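Please read them with the model open beside you.

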Amino acid sequence: MLKVENLVVRYGMIEAIKNISFEVNDGEIVTLIGANGAGKTTTMQTISGLLKPASGAVYLDGTDITKVAPHKIVSMGLAQVPEGRRVFAQQTVMENLELGAYYRKDKEGIEADMKNVFELFPRLEERKAQLAGTLSGGEQQMLAMGRALMAKPKIMLMDEPSMGLSPLLVKEIFRIIRNINKQGTTVLLVEQNAKMALGIADRAYVLETGKITLEGTGTELAASEQVRKAYLGG
Amino acid sequence: MAFLSYLISGLGLGSVYAIIALGYSMVYGIAKMLNFAHGDIIMAGAFAAFFAMTAAGMPLIVAALISMAVCTLLGVTIERLAYKPLRNASSLSVLITAIGVSYFLQNAAQLLFGSDTKIFPAVLSGSFSLFSGALSVSYLSVVTIVICLVIMGGLTLFINKTKTGKAMRACSEDKGAAVLMGINVNRIISITFAIGSGLAAIAAILLCATYPSVYPTLGSMPGIRAFTAAVFGGIGSIPGAFLGGLLLGVIETMAKAYISTQLSDAIVFAVLIIVLLIRPTGLLGRKVSVKV
Ligand SMILES: Nc1ncnc2c1ncn2[C@@H]1O[C@H](COP(=O)(O)OP(=O)(O)OP(=O)(O)O)[C@@H](O)[C@H]1O
Ligand SMILES: [Mg+2]
C-alpha cells in the first residue's frame, strides 16, 4: 500500500530525515515510534506532500506521490490526522467534516460516511453545530479523526493522536483506531506513547534522529531491551 | 436636513471604501499579505472603463464588465508572477514586492496613457429631492450604497454557503490543514485575487462617477483610505471591511462638513488610532484561540 524508499528530508542545512525506508501493507496498523525531534512529523508531512524530500520516493499503490500535487494525494486515498489536530476552529463540527470530504462528489457515499463517523464518535453528532475551536482537546482529536475518515481513505496517517489527552481518553482513541482499522482502513500511526502504540500495531519501526534503528512486530519491539529502556521506562 | 444629506453622501463614499476594503481584507485573510498594488488595480479599471466608453463608445454597463474583466485578469496575473514565487518568503519581502508592483503599474500607466488627467464621462449624475425639496439625494449615492449592500450580501453568502467559500475560510485558518483536505490552495488564492480585483473595477467606476478624473496615480489615495478602513474594521474580516469602509466614509464627510476640510484626514487617522488602542484587532477582527 505505502512504501517509503530512501527518503531524505532537509530543513535548509539540517537533515531531519536521513535516508529512511519502510512500508505499510494492506490492512496493517504500523507504528513509527520515536522521541521528540526524531523526525516523525517530518516523515508524515513529507508523505502527505506538505514537504518535498531532498531525495527518495514515497509510493502509494505503486505511484510515486512525491511527484503529485499535494492536494491530489488525498483523492488517491491517503488522509492524515495531523499533529495538534489542526481542526478549523472557526467552522462548525459539521463544516469540518464536510471539508474532509472536499474532493468527493458521491453525495450518498458522503452521507453514509458521515453516519459512520457519528457512530464512531457520538459526541461529534451532539455537537455538530458547535464551532470546532470551542471543543475540548479530546473532542478536537475525535473531529480530526472523523474529518480524515470523511475522505474515505485507504490509508490513514495519524500523528500523535494521544498527545495531551487523559489516560482514559487515550484508551478510547486507541480503541477507535483499532475499529477504524477493522473497518478496512490501513493505519500508519506515529506515537511517543510507545506502550499503547506497540499494543495495537502489527509492525513497528523505531525512529531515532532521522534514522530507523529498529523494526519488528509490535510484540517483538515491546519485548526488546532497547525499546524497553528508551521508550517504556525500563 | 443638512446632517441627513451629509450622512447619505458619507455612506455613499463609505460604500466605495468598503468595496475596495473588501479586496484588501479578503486577500489579507487568505494570502496573509497586504496587496499594496490593490489601489493601482482600481486605476487600471478606471482606464479600462474610460477607454471603453470614450474610444469605443460603449455603454456604461458594458464598460463596467470590460473593466472587471481587465482587473480580474490583472489581479490574477500579478499574483501568479509576483506573489506566488514568494509564497514561503518573509512577509517583509512580500510587502516590498507589492510596493514595487504598485510603482510598476503606475509607471506603466504613465508610459501607456500619459500623465495628463483624462475626464471621465458623466455617468449616474443627477439627484432627486425628498421632503418637498428640503433634502436632495444624488442618484450616485443611492446606486453606490445599493451596489455595496448587494456585494456584501453576495460575498457573505458565497463565503458561508458555497463549497469554494468554505474552502476559502479553511485556507485562511490553516493552509497546511487545507491541503490535507484536498483543497488546491493556489487555486483558492487565485480566486481570492480575482474577486478582490473584480470588486476594484466596480469601485473604480463608482469613484470616477464621483471624481471624474482619470490619471496614473488615481488609485493611491482611495487605496490607502480603504486599507485604513480594512484595518479599522479588523483586517481579514469581511463584515469588518464593510463596517470600516462605511464608518470611514461617514467620518471623513462629517469632518469635512463640520470641522475642516484640511483636517479631515488627520481626524480619520486619529479615530483609527484610538480604535486600535482600544481594540488592537480592529472593530470586528478577532483573536483566534485554538485549544491543543
Ligand atoms: N520548520 C522547521 N525548520 C527547521 N527545522 C525543523 C522544522 N521542523 C522540524 N525541524 C527539525 O527537524 C527535526 C524533526 O522534527 P519533527 O517535528 O519531525 O520531530 P517529531 O519526531 O515529530 O517530534 P515531536 O515528537 O516533538 O513531535 C527536529 O530536530 C526539528 O527541530
Ligand atoms: Mg511531531
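1. Start with helix H2 of chain B, residues 38–54. At 1.5 Å a residue, its 17 residues should span 24 Å, and the end C-alpha atoms are 25 Å apart, which agrees. The expected span is 1.5 Å times one less than the number of residues. Helices here are DSSP runs of H or I with at least four residues, strands are runs of E with at least two, and both are numbered from the N terminus. Of the 17 residues of H2(B), 15 are buried, so the rest of the structure largely encloses this helix. Buried means under 20% relative accessible area, exposed means over 50%, and partly exposed lies in between (1.4 Å probe, protein chains only).

2. A word on the basis. This is a predicted model, in which local features need pLDDT of at least 70, side-chain atom pairs count only at pLDDT 80 or more, and totals for chains, interfaces and linings use all residues. Residues are numbered from 1 along each chain as its sequence is written, chains are lettered from A and ligands numbered from 1 in the order in which they are written, and side-chain values use heavy atoms, with hydrogens and water left out.

3. Now helix H9 of chain B, residues 220–233. Its 14 residues reach 20 Å from first C-alpha to last, close to the 20 Å expected. H9(B) is mostly covered, with 10 of its 14 residues buried. Among them are B:Pro222, B:Arg225, B:Val231 and B:Phe232.

4. Which residues coordinate the magnesium ion (ligand 2)? They are A:Thr41, through OG1, and A:Glu83, through OE, at 1.9 to 2.2 Å. This pair links distant parts of chain A, 42 residues apart. A:Thr41 sits in helix H1 (residues 40–47), and A:Glu83 in the loop between strand S6 (78–81) and helix H3 (93–100). Donors are N, O and S atoms within 2.8 Å of the metal (3.2 Å for Na, K and Ca); water is not among the atoms, so sites may look incomplete. A:Glu83 counts as partly exposed because its relative accessibility is 31%.

5. Ligand 1 is surrounded by 13 residues. A residue counts here if one of its heavy atoms lies within 4 Å. The closest are A:Asn36, A:Lys40, A:Thr41, A:Thr42 and A:Glu83. H1(A) gives the largest share of the shell, 3 residues.

6. An oxygen atom of ligand 1 lies 3.2 Å from a backbone N or O atom of A:Ala38.

7. Is A:Gln140 buried or exposed? At 1% relative accessibility, A:Gln140 is buried. This residue lies in helix H6 (residues 137–149) of chain A. A polar atom of its side chain is 3.3 Å from the backbone oxygen of A:Leu135.

8. Check two backbone angles. Most residues other than glycine have a negative phi. A:Asn19, not a glycine, has a positive phi of about 60 degrees. A:Asn19 is in strand S2 (residues 14–24) of chain A and is partly exposed, at 45%. A:Lys152 also has a positive phi, about 50 degrees. A:Lys152 lies in the loop between H6 and strand S7 (155–159) of chain A and is partly exposed, at 49%.

Definitions and conventions:
Polar contact = N/O pair within 3.5 Å; in protein donor to acceptor, adjacent residues only side chain to side chain.
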